[in-house]
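Subject: Structure handover

Hello,

Here is the structure I promised to pass on. Please open it alongside this note.

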Amino acid sequence: MNETIYLNGVSTPSAIPDSYFHLANNRDALAASRYVIVQVIDHPMVQLLVVPAVELLRFYVGVSSRFLTGTLSGRLDKYVDWNRSKMEKTWPVLQVKTRLNRAEAFVLGRAVASSAAWEALFSVRQHLASVHANNQLRSMEQQAPLVIHAGFPFNDDTTLTVYGKRTCLYRLNCQKEWAIFAMAVAECKPPLEMSNLILESDEPWAVEAMTGGAPRGVRPPHFNPLLLDDEEDLLVDDVPADGRLPRLAVLQHGSPFSGFKQLTFHQRRPEAPLRANEPDGHIDVPVSTLTMNEGQQTEEAKGNLGVSDFLNHTEDVGRNLERFLDVLEYLQRRTSSRGWVIETRIRDESIRSGQHWITFFPDPIGSRTRWHWIDEANAGRRRRQLICAEIKLGQDGPFFYLMEMELGPTEPKRQCTLLVYTPDFQWMDDEVQDELLQLTVLRRRWPDIENKWKKDDEYWRAQDLFSKIKVDRVQHPNSKSKRRRKLLGR
């Protein structure tokens with residue numbers, strides 16, 4: 001269930017009282033957990049919202065795996081120098097020690113600009129440290145559990161979009177207290193404390209050489225990761241990362257703050273000119289393994305590219321996909337009298353556009369192709385979007401599917417809508433859909449049973465897939481092709 005919740009009094013969250021029933025069957029497990037309960041404004045069914053503290057931490061701080069680790073361990077000073085970070089009028093200035101993605105800088109910048117955000121960021125570690133210190137003076141029976149305490153990093157009212165369900169929080173005789181139990185927070189709309197953020201660093205920009213000709217590199221040297229075999233997928237292994245290499249960012253799609261895209265980032269660095277006789281600073285390092293571990297300057301770590309999970313805040317829907325959504329709306333109106341039901345399928349990661357869902361092509365780390373990326377001038381790089389419309393002709397079927405992919409800014413507009421159905425027009429399971437998308441990434445276009453494949457295993461994967469589904473191409477109305485399709489008559 002997707003709920004938009006209006007919150008009041010979020011600056012004073014409280015734990016669920018012991019008199020309230022626990023929100024699960026395992027009472028012992030919940031005794032070691034922490035929830036935050038806040039008042040809901042103008043909801044017809046409930047007056048309370050219950051959010052697990054760990055979900056608050058994940059949503060507001062956990063923009064990357066290293067940030068979660070740094071928050072829990074109290075090591076955020078690895079990324080920013082708090083003593084040199086400050087406010088310049090209304091602009092926060094972060095003195096950064098290492099490269100940050102924009103989501104990470106946003107979390108730290110809010111901590112500089114807002115006392116509530118600062119408290120929410122550091123209180124998690126402070127609570128764990130306090131409980132641990134007190135436990136050293138107590139017997140085993142008296143020791144308190146090490147649990148996460150987290151709160152909202154702002155003081156004002158706000159609007160939340162959450163995924164969860166209505167549940168009975170309190171029951172006494174005939175009296176019941178209902179609440180929304182938020183399993184995941186999807187979006188938050190508080191007023192932002194800043195519209196600009198300065199990232200200040202001691203690492204210099206590279207500029208023109210002073211004398212003797214053009215510069216030959218940048219200072220300090222940049223070690224560029226070079227994937228050895230661009231035809232093979234690389235697996236993530238449990239080995240140390242090469243400390244010379246910038247980490248690879250694995251993007252996850254979402255939009256936690258509605259005002260994030262209006263935030264302007266500024267870079268401030270000193271200039272340090274190169275001398276013409278300095279050696280070339282670009283050094284290619286062959287990569288043989290991907291790893292989630294931290295970087296090291298050891299022989300064992302050489303050639304292992306570090307990978308980090310980051311949150312990408314781009315949720316714009318591709319222009320050609322918006323047109324396809326209009327087509328779905330039109331198709332629904334035309335076929336409603338026939339009893340057709342049109343829904344869009346959800347994968348593990350999706351964004352919502354009205355009543356429909358936009359999903360993404362799979363992103364196997366180290367894939368041999370970069371086709372599944374879309375580069376946008378203002379939003380950076382993100383994964384290619386698609387829509388899978390599931391069309392049911394009656395209460396129990398039959399089923400068929402229409403799939404539309406996003407096209408890149410420079411790609412020719414010749415891609416077709418894909419018509420997909422099983423031989424008996426039954427429901428298509430998620431594994432079959434995912435395999436279709438995997439093969440699409442490999443082909444850089446919708447696959448077909450007549451395609452030729454470079455590898456035998458890809459050929460047999462395609463043969464297996466097309467034994468389970470049938471596909472056909474529906475030309476776009478503006479296509480120059482003379483082939484004609486009458487979808488509603490098929």
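This is a predicted model: local features need pLDDT of at least 70, side-chain atom pairs count only at pLDDT 80 or more; totals for chains, interfaces and linings use all residues.

Residues are numbered from 1 along each chain as its sequence is written, and side-chain values use heavy atoms, with hydrogens and water left out.

**The sheet**

Four strands make an open, mixed sheet, ordered 4-5-8-13. Strands are DSSP runs of E, at least two residues long, and helices are runs of H or I, at least four; both are numbered from the N terminus. Two strands pair if DSSP finds at least two bridges between them. Strand 4 (86-88) and strand 13 (264-268) are the edges. Each has a single partner strand, so one side of each has no neighbour in the sheet. From one strand to the next, the twist averages 30°. Angles run from 0 to 180 degrees between N-to-C directions, with axes fitted as lines to C-alpha atoms, for helices over the stretch in contact.

Strand 4 and strand 5 (residues 91-95) run antiparallel, joined by three bridges. Lys86 sits opposite Val93 of strand 5.

**Helix 4**

Helix 4 (residues 102-113) packs on this sheet. It touches strand 4, strand 5, strand 8 (196-200) and strand 13. Contact means heavy atoms within 4.5 Å. The direction of helix 4 makes about 115° with that of strand 5.

Is the helix mostly covered or mostly open? Mostly covered: 10 of its 12 residues are buried. Buried means under 20% relative accessible area, exposed over 50%, partly exposed in between (1.4 Å probe, protein chains only). Among the buried residues are Phe106, Leu108 and Arg110.

The length of helix 4 checks out too. The expected span is 1.5 Å times one less than the number of residues. For the 12 residues of helix 4 that gives 16 Å, and the end C-alpha atoms are 16 Å apart, which agrees.

**Two threonines**

Thr417 lies in strand 26 (residues 417-421). Its relative accessible area is 8%, so Thr417 is buried. Its side chain makes a polar contact with the side chain of Glu404 (2.5 Å). That term means N or O atoms within 3.5 Å; within protein, one must be able to donate a hydrogen and the other to accept it, and residues adjacent in sequence count only if both atoms are side-chain atoms.

Thr158 belongs to strand 6 (residues 158-172). Thr158 is buried, at 5% relative accessibility.

Best wishes
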